[in-house]
Amino acid sequence: MRVSFHSVHEPKCGICQKHCRFFESLREHLIGPLPKIECARVFRTQGCNICLNIFESPNALRTHRASCQLSRAASGLTSRMSRLSLQGSSDYGTRNQGSQVVALACKVVGGGSDGSLDLCARVCLIGEDENVIFQTYIKPQIPVTNYRYETTGIRPEYLRDAIPLKQAQRRIQDFFSNGEPIWKIRSRGGKARILVGHGLDRDLDCLGVEYPAVLIRDTAVYPPLMKTSKLSNSLKYLTQAYLGYDIQTGTQDPYEDCVAAMRLYIRMRSQNHPRDYASGCGENRNNYPAWRQRELEKMTPDALLELSASDYYCWCLDS
């Protein structure tokens, strides 16, 4: 028998203390089309519509909003250089090579007869301080038939002298692993870096790079950030809803996507949760044989809540 109760790591209404599986269900509870009336009334004057926290007074809320709503990433010179001179590899910000958390984003063009085959043509890697570590155009191994210019901004001349995919693979894999063999990588205490991104399965597949799931933090499949239907939200929506600014308004910049994913990760990692280090092992703690049914039925709701654990690894445990 599986016992499913909300853990302390899941979003909770600061007014009525209702537990929610997703931030989207908490948002609907507070400011959706049919919110809980009493909670919505308090939230209108004391709630932050970005982090969904409740504050003691409207003045405290105004002070908080100044730091909660972030501004759009200003890639500045790095972004302009990435369009003009990334025919070879570029290592900016080598001082960030000690960063233990990195964000990755790729831009893909189309291959094949109908241009539907995804080919990585540009990659960006940043550190936790949002400085670029590695950024380059990549020459696909097969001909490009659709540059998808409206979203990628990539032209044929940008890839003419770009580095080969195999060379980019080696450099990215070496940086992820940080000198540690893949077979030795573990979730804690190793040299390998935590990898952050949005839709990383697709990015890593296009790059042809493998990385252990225990060190991947993907905002597309992190349960609290998913829709109530258990489908992924877009990075554009998550950035607008949980960081307070817009991205991907025209040609998409992988640096901007990296920054958004990193900021979302840091915001989720900074959640004020009790440090229940059994979280992430909910499969072990929440499974009980049928003969324990009566024992569980006699337990109070508080005892059941204390017993239960999240069935996903909460990012607050990284801090």
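This is a predicted model: local features need pLDDT of at least 70, side-chain atom pairs count only at pLDDT 80 or more; totals for chains, interfaces and linings use all residues.
**Group meeting talk: strands and a pocket**

The mean pLDDT of the protein is 84, with 82% of its residues at 70 or more.

So where does Val-196 sit? It belongs to strand β6, residues 194-197. Ile-194 and Val-196 point one way from this strand, Leu-195 and Gly-197 point the other way, and all of them are buried.

Now the neighbours of β6. Towards β7, residues 216-218, there are three bridges, and the two strands run parallel. Strand β1, residues 101-111, also pairs with β6 in the parallel sense, again over three bridges. On that side, Ala-103 stands opposite Val-196. Between β6 and β7 comes helix α8, residues 200-207, and β6, α8 and β7 make a right-handed β-α-β unit.

That brings me to the largest pocket, whose volume is about 660 Å³. The elements that give two or more residues to its lining are α8 and β7. Which of the elements gives the most to that lining? It is β7, with three residues. In total 27 residues line the pocket, and Arg-217, from our opening pair, is among those that lie nearest its centre, along with Ala-213, Val-214, Leu-215 and Ile-216.

Let's go back to β1 and follow the chain onward. Ten bridges join β1 to strand β2, and these two run antiparallel. Cys-106 stands opposite Val-123 in β2. The two strands form a hairpin with five residues between them, and Gly-112 in the turn has a positive phi of about 85°.

Why do we call β2 largely enclosed by the rest of the structure? Because nine of the eleven residues in this strand, residues 117-127, are buried.

From β2 we move on to strand β3, residues 132-139, which is joined to β2 by five bridges in an antiparallel run. Here Arg-122 has Tyr-137 in β3 as its bridge partner. This hairpin has four residues between the strands, and Glu-130 takes a positive phi near 75°.

Last, two stretches to treat with care. Over residues 76-95 pLDDT stays under 50, and the model has 45 contacts beyond four places in sequence for them. Residues 281-285 also stay under 50, with 13 such contacts.

Thanks, everyone!

How values were computed:
Residues are numbered from 1 along each chain as its sequence is written. Side-chain values use heavy atoms; hydrogens and water are left out. pLDDT is the predictor's confidence in each residue, from 0 to 100. Contact means heavy atoms within 4.5 Å. Buried means under 20% relative accessible area, exposed over 50%, partly exposed in between (1.4 Å probe, protein chains only). Two strands pair if DSSP finds at least two bridges between them. A crossover is right-handed if, with the strands pointing away from the viewer, the path from the first strand over the helix to the second runs clockwise. On a 1 Å grid over the protein atoms alone, a cavity is a set of points where a 1.4 Å probe fits but cannot get out, and a pocket is an open set with protein on both sides within 12 Å along at least five of seven lines; lining residues have an atom within 4 Å of a point. Grid points are joined across faces, edges and corners, and a volume is the space filled by probe spheres set on the points.
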